[in-house]
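Here are my notes for you on this one. Have the structure open as you read, and click on each residue when its name comes up.

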Amino acid sequence: QVRLAESGGGLVQVGGSLRLSCAASGRTLSSSAMAWFRQAPGKSREFVGAIALSSGNRYYADSVKDRISISRDNAENTMYLQMNSLKPEDRAVYYCATSGGPVSSLAVRDRRLYDSWGQGTQVTVSS
């Protein structure tokens with residue numbers, strides 16, 4: 001069982017930056033993928049980005065790919081989401097998740113393939 005804990009959310013002004021962290025404890029499979037999703041009020045949970053732990057390949061949603069980057073500190077078993085040039089539409093609860101095994105590049109955006117989730121961290125962008 002993998003436990004995930006997000007942190008780093010908060011209130012930021014338009015154009016500002018935030019770095020979210022996702023600390024994993026327990027057994028994380030080296031073949032898994034770790035991902036960030038977000039859910040805005042009244043909307044469904046959407047894919048933000050992911051990293052394949054074995055290859056280090058990164059995948060980003062088209063809507064944010066020019067403004068975010070995902071990294072991972074293997075020693076700390078922590079994944080990061082750096083978000084820049086934040087917009088009001090980035091306001092959401094951000095969740096990290098990990099899959100129970102390999103996820104193909106074609107399916108990495110499918111939230112159904114992730115079976116461990118954190119509690120989320122709120123990001124609010126003020127104008």
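Predicted model: local features only at pLDDT ≥ 70, side-chain atom pairs only at ≥ 80, totals over all residues.

1. Start with the cysteines. Searching the whole structure turns up one disulfide. The partners are C22 and C96, with their sulfur atoms 2.1 Å apart. C22 belongs to strand β3 (residues 18-26) and C96 to strand β9 (residues 92-99), so the bond ties together parts of the chain that are 74 residues apart in sequence. If you like handedness, this link is right-handed, with 65° about the S-S bond.

2. Are these two cysteines buried or exposed? C22 has 0% relative accessibility, so it counts as buried. C96 also comes out at 0% and counts as buried.

3. Now look at the sheet that β3 belongs to. A quick reminder: strands of a sheet pair through backbone hydrogen bonds, either parallel or antiparallel. Here, four strands make an open sheet in the order β1-β3-β8-β7, and the pairing is antiparallel. β1 (2-7) and β7 (68-73) are at the edges with a single partner strand each, so one side of each has no neighbour in the sheet. From one strand to the next, the twist averages 20°.

4. For instance, V2 has G26 in β3 as its bridge partner.

5. Next, the rings. The whole structure holds four aromatic pairs. One of them joins F37 and Y114 edge-to-face, at 5.4 Å centre to centre and with 70° between the planes. F37 sits in strand β4 (residues 33-39) and Y114 in strand β10 (residues 114-117), so this pair ties together parts 77 residues apart in sequence. Both F37 and Y114 are buried.

6. F37 also pairs with W117, this time tilted, at 5.1 Å centre to centre and 55° between the planes. This pair, too, links distant parts of the chain, with F37 in β4 and W117 in β10, 80 residues apart. F37 counts as buried because its relative accessibility is 1%, while W117 is partly exposed at 27%.

7. Finally, check two arginines. The charged end of R45 sits over the ring of W117, 5.0 Å from its centre. R19 does likewise with Y80, its charged end lying over that ring at 4.1 Å from the centre.

Definitions and conventions
Residues numbered from 1 in each chain as written. Heavy atoms only, no water. Disulfide = S-S within 2.5 Å. Helix = DSSP H or I, 4+ residues; strand = E, 2+ residues; numbered from the N terminus. Buried < 20%, exposed > 50% of the residue type's maximum accessible area, 1.4 Å probe, protein only. Pairing = 2+ DSSP bridges. Axes fitted to C-alpha atoms, helices over the stretch in contact; angles between N-to-C directions. Phe/Tyr/Trp six-rings, centres within 6.5 Å; stacked < 30°, edge-to-face > 60°. Lys NZ or Arg CZ within 6 Å of the ring centre and 35° of its normal.
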